Amino acid sequence: MKYIDIVVANSNESTDRYYTYMCENDDVAVGNLVNVMFARSKKPIVGIVVQVYSEMPKEGIRYRQVIDINSEVSLNEEMVSTAVFLRARYLCRYMEAFSLFLPSGKPSKRGIKRLPYKELAEKANFTQNLNFELNSEQMRAFSEISEDIIKENNSIFLIQGITGSGKTELYMKSIELAIQKGKNALVLVPEITLTTQMVLRFAHRFGFENIAVIHSRLSQGERYDEWQRIRNGEVRIVIGARSAIFAPLENIGVIVLDEEHEASYKSDQSPKYETVDVAAKRAKYYNAVLLLGSATPSVVSKKRAFDGIYKPLMLNNLPKAEIVDMREEIKSGNKHIISKLLYDKMETMLKNGKQIILFLNRRGYSTVIACKDCGTVLKCKKCDIALTYHKEDCLAHCHYCGERVRVPKFCPECQGEKLQGLGIGTEKVEEQIADLFPKAKLQRLDLDTVKKKGSVEKILDDFNKNKTDILIGTQIVAKGLDFKNVGLVGVILADTSLNIPDFRAGERTFQLITQVIGRAGRGEDEGSAVVQTYQPQNMAIVCATKNDYDGFYNEEVEFRKHMMYPPFCDLVQVVVISSSEDACANAAGEIYEKLILEFEKLGINDVFMPQKLLWSETKEHYRYGIIIKCPKTERQECLSILAKYKFLYNTDKKKKVQVALDINPY
């Protein structure tokens with residue numbers, strides 16, 4: 001007879017704790033899924049075993065009996081400990097953390113294995129190729145990494161290398177060494193669209209049969225079968241987007257976060273975890289090496305390298321970039337979205353058989369629809385943000401909640417007939433480039449063109465096979481794409497991310513420009529880039545075109561320190577949610593007043609008044625947010641206070657609100 005502590009699959013905040021049961025099966029282990037009767041429920045409920053006792057924990061208590069143990073799905077002790085860590089660090093419920101490790105979907109009724117990328121594997125004739133040479137820079141970096149892999153030293157390396165400098169080769173060589181030592185590897189990319197290219201490169205080296213893929217665009221059946229392949233030890237390498245960090249892989253030797261600076265590594269759903277924190281926790285358990293790669297490391301990561309938390313490694317190489325002041329273009333009479341310099345370079349590249357990437361981080365045709373008479377801007381009725389006009393379907397789109405409406409004939413404010421689209425998106429760029437270069441073959445890569453399954457692969461495959469001359473896209477084209485024939489990159493407007501209300505705006509702009517510039521000149525010929533802007537003196541833009549990361553970092557970190565932003569503090573957002581706006585606003589006000597009093601005792605004065613947030617994407621709820629700047633030394637005390645109020649408001653039905661927490665929100 002064994003006694004076990006379990007966490008029950010229940011969304012109620014008041015049941016978010018351990019419950020003890022007795023189990024007649026002596027083989028029960030931490031991580032098993034068990035079926036139990038819970039509270040007054042008439043049907044069994046699932047529980048996850050977090051602790052096993054050989055003796056009765058407390059005498060004189062009548063413990064309920066476990067019904068049975070799930071033989072199909074189980075976790076291991078490391079996954080359980082990581083889930084418990086997530087609950088403590090991000091103040092989520094136990095089951096919110098455990099559900100990240102559990103598979104979605106069910107076994108195939110016909111017993112057929114559903115393999116993602118099966119067609120790709122069948123069409124491609126890959127042979128394993130483990131013999132390749134690193135250059136001197138890569139070799140110096142690899143010697144440091146390999147020492148820790150061989151000695152099984154848990155360490156975190158920050159690999160700073162411009163796109164094309166060989167970071168992926170370094171990843172593969174490190175993983176090859178780990179596999180030789182009997183270890184396994186996790187490889188994460190920031191976007192699902194990059195998964196195919198990464199899978200292909202790794203398949204060349206290690207074979208398709210040794211690789212599993214995890215991301216949210218797989219069918220539930222594919223995800224379930226991949227989960228089982230990983231859990232059963234049938235693969236050595238797991239590749240995927242953010243959710244792949246929870247793959248049930250054991251005996252991990254190397255974890256890779258490619259493009260570690262990307263905001264997509266921060267979860268936007270509870271638990272709102274930072275992928276790097278989870279990766280570090282899992283790597284520590286297995287004494288594994290964590291590799292964080294980026295051409296433009298986040299300010300937080302670079303500060304950790306300076307503080308000795310990460311081990312820095314440097315690789316270099318970048319094409320030449322030129323800045324064009326678009327104000328001067330307008331003065332000279334050029335009203336096109338393409339400067340004369342960019343036009344001339346494009347013309348030359350096309351004549352020489354080179355490909356071109358044009359980057360604009362705005363999709364749609366016109367970014368704003370406004371009335372020329374009164375200046376009214378059409379906004380989403382739910383979110384109160386400007387609607388974007390999409391010419392393809394002749395509708396105005398809300399890029400926050402997805403709402404689509406017909407553009408009215410008359411201004412809703414003054415009834416005028418002069419509604420017009422302002423600003424430029426990728427649709428308008430595509431239209432104008434087609435007019436300027438009618439013989440060139442164009443493709444557009446943004447969220448509007450990649451909705452169908454396989455569309456990303458088709459667009460990228462056409463570009464890779466030189467069937468496309470000019471690829472126009474949003475930030476998707478800035479990340480991880482490796483094409484040897486790209487001779488020119490044009491940044492249509494570098495200013496788009498500079499003015500967003502986020503202290504990371506400069507960092508985001510610097511990263512995007514640097515990343516997209518790196519798409520050129522990855523073959524034998526030198527590439528070039530043209531960056532168009534209305535703010536040619538902006539530090540982020542100037543440093544990005546000069547490949548001056550240190551210059552940007554030094555100024556940015558001083559700004560963060562002066563303003564008390566991360567990495568010098570933790571930002572915590574308290575989000576109050578309700579279907580009643582009055583209840584939401586009142587509860588937010590109550591919590592704000594209580595937090596001011598609580599945090600004053602800790603010497604924390606940076607508690608900012610509640611602000612109304614955008615409408616919820618999935619439910620018609622109102623949301624108010626309270627931001628707190630929490631010094632690093634007071635993190636635990638701060639989170640303890642917030643956890644208390646989260647529990648109080650979420651378990652009080654009279655309040656008619658729910659409280660969520662987001663630590664270091666994006």
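1. The protein chain has an accessible surface of about 31,000 Å², and carbon and sulfur atoms account for 48% of that area. This value, like the others below, comes from a predicted model.

2. Of the 666 residues in the protein chain, 53% count as buried. The C-alpha trace spans about 90 × 65 × 55 Å along its principal axes. The radius of gyration is 27 Å, which agrees with the value near 26 Å that a compact globule of 666 residues would have.

3. The secondary structure of the protein chain consists of 18 helices and 27 strands. Among contacts with a separation of 6 or more, 75% are between residues 24 or more positions apart.

4. On charge, the protein chain carries 93 positive and 87 negative side chains. The centres of these two sets lie 4 Å apart. Side chains of opposite charge can pair when their charged atoms come close. Over the whole structure, a search finds 40 salt bridges.

5. One of the salt bridges joins Lys646 to Glu13, with 3.0 Å between the closest N and O atoms. This pair links distant parts of the chain, its members being 633 residues apart. Lys646 belongs to helix α18 (residues 635–650), while Glu13 sits in the loop between β1 (2–8) and β2 (19–23). Both Lys646 and Glu13 are buried.

6. A second salt bridge, between the side chains of Lys151 and Glu147, has an N to O distance of 3.0 Å. Here both partners lie in helix α4 (residues 136–151), four residues apart, or about one turn of the helix. Lys151 has a relative accessible area of 52%, so it counts as exposed, since the cut-off is over 50%. Glu147, at 42% relative accessibility, is partly exposed.

7. Helix α4 also contributes Asp148, whose side chain meets that of Lys311 in a salt bridge (2.7 Å, N to O). Asp148 is buried because its relative accessible area is 5%, and buried means under 20%. Lys311, with a relative accessible area of 35%, is partly exposed.

8. Returning to the pair in point 5, Lys646 and Glu13 are also part of a network.

Conventions
Residues are numbered from 1 along each chain as its sequence is written. This is a predicted model: local features need pLDDT of at least 70, side-chain atom pairs count only at pLDDT 80 or more; totals for chains, interfaces and linings use all residues. Side-chain values use heavy atoms; hydrogens and water are left out. Helices (H or I, at least four residues) and strands (E, at least two) are DSSP runs, numbered from the N terminus. The radius of gyration is taken over C-alpha atoms; the globule rule is 2.2 Å times the number of residues to the power 0.38. Buried means under 20% relative accessible area, exposed over 50%, partly exposed in between (1.4 Å probe, protein chains only). Contact means heavy atoms within 4.5 Å. Accessible areas come from the Shrake-Rupley method with a 1.4 Å probe; for residues, only the protein chains shown count as cover. Lys and Arg count as positive and Asp and Glu as negative; His and the chain ends are not counted. The place of a charge is taken as NZ of Lys, CZ of Arg, CG of Asp or CD of Glu. A salt bridge is a side-chain nitrogen of Lys or Arg within 4 Å of a carboxyl oxygen of Asp or Glu.
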